[in-house]
Amino acid sequence: MSRVAYYPGCSLHGTAKELDSSFLGTAKALGVDLVEIPGWECCGNTAAHATNRLLATALPANEMAKVKDDLGLERVAVPCAACFARFMATNHDVEDDDTAHDVAQVVGRRYTGGVGVLNLVDFYHDEVGLDTLKAKVKRPYAGLKVAAYYGCLLTRPPKVTLAEDPEYPTHMDDVLETLGCEPVQWTFKTDCCGASLALCEQAVVVELVRKIVANARACGAQAIACACPLCQVNLDTRQGDIKKADPTWVDVPIVYLSQFVGRAIGVGDGELGLKKHMVPVEAVLA
Amino acid sequence: MTTTIDATLARRVNRGSGENAYKCYQCKKCSTGCPVAGFGDFHPAQVMRAVQIGAVDAAVDSRFIWLCTGCETCTTRCPQGIDIAAIMDELRMIAREEGRVRSDVPFANILKLNYDSFRRWGRLYEVELLALDKITRPSSFTDDVAMGIRMFLKGKINPLPTMGDRSQMKRMAQVAERITRDKRAIGRAMDLPAKAPAQSGPGGVA
């Protein structure tokens, strides 16, 4: 059994509770021991890097210093794509000595990198591994057509995320295929959903979501798999707004990758949180 | 439209972000990949040009910088390796510092409340952020109320904050803000035009 630190992040205790519970359920079933970082704090999100760069770099450094020095662990699982990108940005930025010095002033101890950061896709693809995952599948999906939606921050910018193929990634597709799904080829894999503009520029977000979901459906997808709380909430909640303007709109369920994995390996309905979605997901996860 | 030119703009952007706007040769790949290029006044390549020539009212005062979602497509595709998204962040910081955040950019308010919220509680307190946004930006009052209620009923919104290590957060924010303030003050002092000497004779300081 491998031991990995766990950083849930703010969304997983709020709008993305089902990502938290389904992720924990799958980790347990797949034999990964997750140790939550004690007293974890916000990663700073977009607001920090648009306001104070040093704090934006220091907040994840504070968490990774705890992982390395207090927990004695080498890797941290960060299922929220936005938090993941901030953690990776810190690992990139502290390579610069001046930045590392300033970060140490802020955090109160030195962190100069060395903690591996796993996003939701990495966790199943690399930490667990596709062979181990395949051996645990009890209820394979019989060729369910799914569009793997990566959004922005799992892969961009590649100098920070170290993504192999930032424009057309395939690791989430590989995980879905291992579960018996049939990943579709489509256009908007890594396009932006509008992220936190959803709170104030609703018209922009509705249009971005409409383009993404319409393309997934046009390419044959019966559901969209995602690995980011902002992507999920925007794609899930904004289809209602699209429908008001276009009554012919057909909803597409937006499912976390951890929910797809959990259903296939026998994690219970309560942990999967299938009732928390706006567009019902039970039909595709039956 | 008259344009104010500030020759120090590109240098200030460089000092804050570490990025050199003069490397941009206007291929416009940033703009063709930008998800919000069609929703604002300018697109990213135009903002880059404005930074190069020091057109502050086109760069710092643009609506575009407050529409940028930080999706990093521009940064990823720039053939010159410029972190364009970081430049947008820097322009937001300059706009705040100089008190020139325009009134029709609600995202500026959201970002400020978001920063204040995690700074206060150690973690983001979504209900407080949304409530304060509705109070400070009355035009948002009726937005998404029905959806908010549905999400609350599904248990996706916590009425009370969940807190991290608040004292450590407060300490970190104070130190980061002090270091940043000092460094930016030193940078600004370097930008001030050199004062003419009290008595400059022929052949004095040019």
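Helix α3 (residues 44-53) of chain B is mostly covered, with seven of its 10 residues buried. This is a predicted model. The buried residues of α3(B) are Pro44(B), Ala45(B), Val47(B), Met48(B), Ala50(B), Val51(B) and Gln52(B). Their cover includes α1, α2 (29-33), α4 (56-59) and α6 of chain B. After α3(B) comes Gly54(B), with a positive phi near 75°.

### The interface

Chain A puts 58 residues in contact with 59 residues of chain B. About 5100 Å² is buried between chain A and chain B, and carbon and sulfur atoms give 58% of that area. On the chain A side, Glu41(A), Arg53(A) and Met278(A) lose the most area to chain B. Together they account for 12% of what that side buries.

Polar pairing across the interface comes next. The rule finds 30 residue pairs in polar contact between chain A and chain B, both residues being at pLDDT 80 or more. Several helices of chain A each supply at least two residues of the side that touches chain B: α1 (17-29), α2 (45-49), α3 (53-70), α5 (97-107), α7 (158-161), α9 (202-218) and α10 (229-245). By class, that side of chain A has 25 nonpolar, 19 polar and 14 charged residues.

Six salt bridges cross the interface of chain A and chain B. One pair between the two chains is Lys183(B) with Asp102(A), whose closest N and O atoms are 2.5 Å apart.

### Salt bridges

Side chains of opposite charge can pair when their charged atoms come close. Over all chains, a search of the whole structure finds 35 salt bridges.

| Pair | N to O distance |
|---|---|
| Lys183(B) and Asp102(A) | 2.5 Å |
| Glu90(B) and Arg184(B) | 2.7 Å |
| Asp191(B) and Arg15(B) | 2.9 Å |
| Lys66(A) and Glu63(A) | 3.4 Å |

Lys66(A) forms a salt bridge with Glu63(A). Both residues lie in helix α3 of chain A, three residues apart, which is about one turn of the helix. Lys66(A) and Glu63(A) are both buried.

Asp191(B) forms a salt bridge with Arg15(B). Asp191(B) sits in helix α10 (residues 166-191) of chain B and Arg15(B) in helix α1 (residues 9-17) of chain B, so the pair ties together parts that are 176 residues apart in sequence. Asp191(B) counts as buried because its relative accessibility is 14%, under the 20% limit. Arg15(B) has a relative accessible area of 36%, so this residue is partly exposed.

Glu90(B) and Arg184(B) meet through their side chains in a salt bridge. This pair also links distant parts of the chain: Glu90(B) is in helix α6 (residues 84-97) of chain B, Arg184(B) is in helix α10 of chain B, and they are 94 residues apart. Both Glu90(B) and Arg184(B) are buried. Glu90(B) and Arg184(B) also belong to a network of salt bridges that links them with Arg53(A), Glu97(B) and Arg188(B).

### Nonpolar cores

The largest nonpolar core has 163 residues. Those with the most contacts inside it are Val76(A), Phe123(A), Met172(A), Phe260(A) and Leu91(B). Helix α3(A) gives the largest share of this core, nine residues.

Leaving aside residues up to four places away in sequence, Phe260(A) touches Tyr141(A), Leu144(A), Val146(A), Leu176(A), Leu179(A), Cys181(A), Ala223(A), Ile224(A), Ala225(A), Val255(A) and Leu285(A). A second, separate core has five residues, among them Val233(A), Met147(B), Met151(B) and Ile157(B).

### Two loop threonines

Thr155(A) lies in the loop between β5 (145-149) and α7 of chain A. Its relative accessibility is 4%, so Thr155(A) counts as buried. Beyond residues up to four places away in sequence, Thr155(A) touches Thr161(A), Ala163(A), Pro166(A), Pro169(A) and Thr190(A).

Thr248(A) is in the loop between α10 and β8 (254-256) of chain A. Here the relative accessibility is 64%, so Thr248(A) counts as exposed. The side chains of Thr248(A) and Asp246(A) are joined by a polar contact of 2.5 Å.

Note on methods
Residues are numbered from 1 along each chain as its sequence is written. Chains are lettered from A and ligands numbered from 1 in the order in which they are written. This is a predicted model: local features need pLDDT of at least 70, side-chain atom pairs count only at pLDDT 80 or more; totals for chains, interfaces and linings use all residues. Side-chain values use heavy atoms; hydrogens and water are left out. Contact means heavy atoms within 4.5 Å. Buried area is the accessible area (1.4 Å probe) that two parts lose on being put together, summed over both. A salt bridge is a side-chain nitrogen of Lys or Arg within 4 Å of a carboxyl oxygen of Asp or Glu. A polar contact is a pair of N or O atoms within 3.5 Å; within protein, one must be able to donate a hydrogen and the other to accept it, and residues adjacent in sequence count only if both atoms are side-chain atoms. Helices (H or I, at least four residues) and strands (E, at least two) are DSSP runs, numbered from the N terminus. Ala, Val, Leu, Ile, Met, Phe, Trp, Tyr, Cys and Pro count as nonpolar, Asp, Glu, Lys and Arg as charged, and the others, Gly among them, as polar. A nonpolar core is a set of buried Ala, Val, Leu, Ile, Met, Phe, Trp, Tyr and Cys residues joined through side-chain atoms within 4.5 Å. Buried means under 20% relative accessible area, exposed over 50%, partly exposed in between (1.4 Å probe, protein chains only).
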